[in-house]
Amino acid sequence: HTCGILTEGDLECWGKNDDEQSSPPNGTFVSISAYEDRTCAVRNVGTVFCWGKDVGGAPPEGSFTTISTGFRHACALKDDGEVVCWGFNGHGQLGDGTTANRATPVVSTALDDASVVAISAGGSHTCAVLDDGNASCWGDNTFSQTGAPTGASPTSASNASLPNGTS
């Protein structure tokens with residue numbers, strides 16, 4: 001399924017809907033992320049709302065700017081640059097230094113004190129773009145998707161510089 005935000009902030013979703021993942025709530029939204037059978041979005045007031053198949057826990061409380069859903073996990077970026085993640089963590093994709101699943105959101109400690117400007121949850125990994133222009137990724141690295149050396153711990157972040165002109 002696919003979802004988008006219309007000019008006025010309303011959501012529109014289409015495609016597969018067997019778990020009601022394409023049936024968005026009413027409201028005004030600023031960010032949305034769809035992955036297989038679940039969808040999460042950030043309302044214009046900064047709160048997170050998820051629907052469809054359970055992402056593996058309750059959405060976080062607080063004020064957020066953006067969200068990204070992966071395979072059975074999700075991460076949200078707080079307005080202060082902190083990242084929180086929840087759900088399945090079998091590959092360390094939540095960034096809390098463990099592989100324990102989390103039904104309640106945890107702060108992603110993989111980033112130390114870095115300030116994040118963008119977040120992207122993949123299948124079983126997560127990446128963040130930092131305010132210094134670098135990227136940091138953690139979780140499953142089976143296909144070198146985190147940029148970590150072969151055999152590196154999935155619970156530790158790997159850092160990479162983004163090409164000039166990207167953000």
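**Labels and cut-offs**

Arg102 has a relative accessible area of 26% and is partly exposed. The model is predicted.

Q: Why is Arg102 called partly exposed?
A: Its relative accessible area is 26%. Buried means under 20% and exposed means over 50%, with partly exposed in between, so Arg102 at 26% counts as partly exposed.

Q: What makes the contact of Arg102 and Asp96 a salt bridge?
A: The side chains of Arg102 and Asp96 meet at 2.8 Å, N to O. A salt bridge needs a side-chain nitrogen of Lys or Arg within 4 Å of a carboxyl oxygen of Asp or Glu, so the pair qualifies.

Q: Asp96 in that pair: is the residue buried or exposed, and why?
A: Asp96 has 14% relative accessibility. The cut-off for buried is under 20%, therefore Asp96 counts as buried.

Q: Why is the pair of Asp18 and Lys16 called a salt bridge?
A: The closest N and O atoms of the two residues are 3.9 Å apart. The limit is 4 Å, so the pair of Asp18 and Lys16 is counted.

Q: Which accessibility labels do Asp18 and Lys16 receive, and why?
A: Asp18 has a relative accessible area of 54%. Exposed means over 50%, so Asp18 is exposed. Lys16, with 49%, is partly exposed, because that label covers the range between under 20% and over 50%.

Q: How do you know that Arg38 and Asp37 form a salt bridge?
A: Their side chains meet at 2.9 Å, N to O. The rule asks for a distance within 4 Å, so this pair is a salt bridge. Salt bridges with shared partners join Asp37, Arg38 and Arg72 into one network. The count for the model comes to five salt bridges.

Q: Why are Arg38 and Asp37 called buried?
A: Relative accessibility is 1% for Arg38 and 8% for Asp37. Buried means under 20%, so the label applies to Arg38 and to Asp37.

Q: What surrounds Asp37, leaving aside its neighbours within four places in sequence?
A: Asp37 lies in the loop between strand S3 (29-35) and strand S4 (38-43). Its contacts are His1, Asp19, Gln21, Gly52, Lys53 and Arg72.

Q: What makes the approach of the Asp37 and Arg72 side chains a polar contact?
A: The distance is 3.3 Å.

Q: Why is Thr109 called partly exposed?
A: Thr109 has 47% relative accessibility. Exposed begins over 50% and buried is under 20%, so Thr109 is partly exposed. This residue sits in the loop between S9 and strand S10 (116-121). Beyond neighbours within four places in sequence, Thr109 contacts Gly95, Asp96 and Gly97.

Q: How do you know that strands S8 and S9 pair?
A: Strand S8 (residues 83-87) and S9 share three bridges in the antiparallel sense. Pairing needs at least two bridges, so S8 and S9 pair. Cys85 has Val106 in S9 as its bridge partner.

Q: What makes S6 and S9 the edge strands?
A: The open sheet has the order S6-S7-S8-S9, with antiparallel pairing. Strand S6 (64-69) and strand S9 (102-107) each pair on one side only.

How values were computed: Residues numbered from 1 in each chain as written. Predicted model: local features only at pLDDT ≥ 70, side-chain atom pairs only at ≥ 80, totals over all residues. Heavy atoms only, no water. Helix = DSSP H or I, 4+ residues; strand = E, 2+ residues; numbered from the N terminus. Buried < 20%, exposed > 50% of the residue type's maximum accessible area, 1.4 Å probe, protein only. Contact = heavy atoms within 4.5 Å. Polar contact = N/O pair within 3.5 Å; in protein donor to acceptor, adjacent residues only side chain to side chain.
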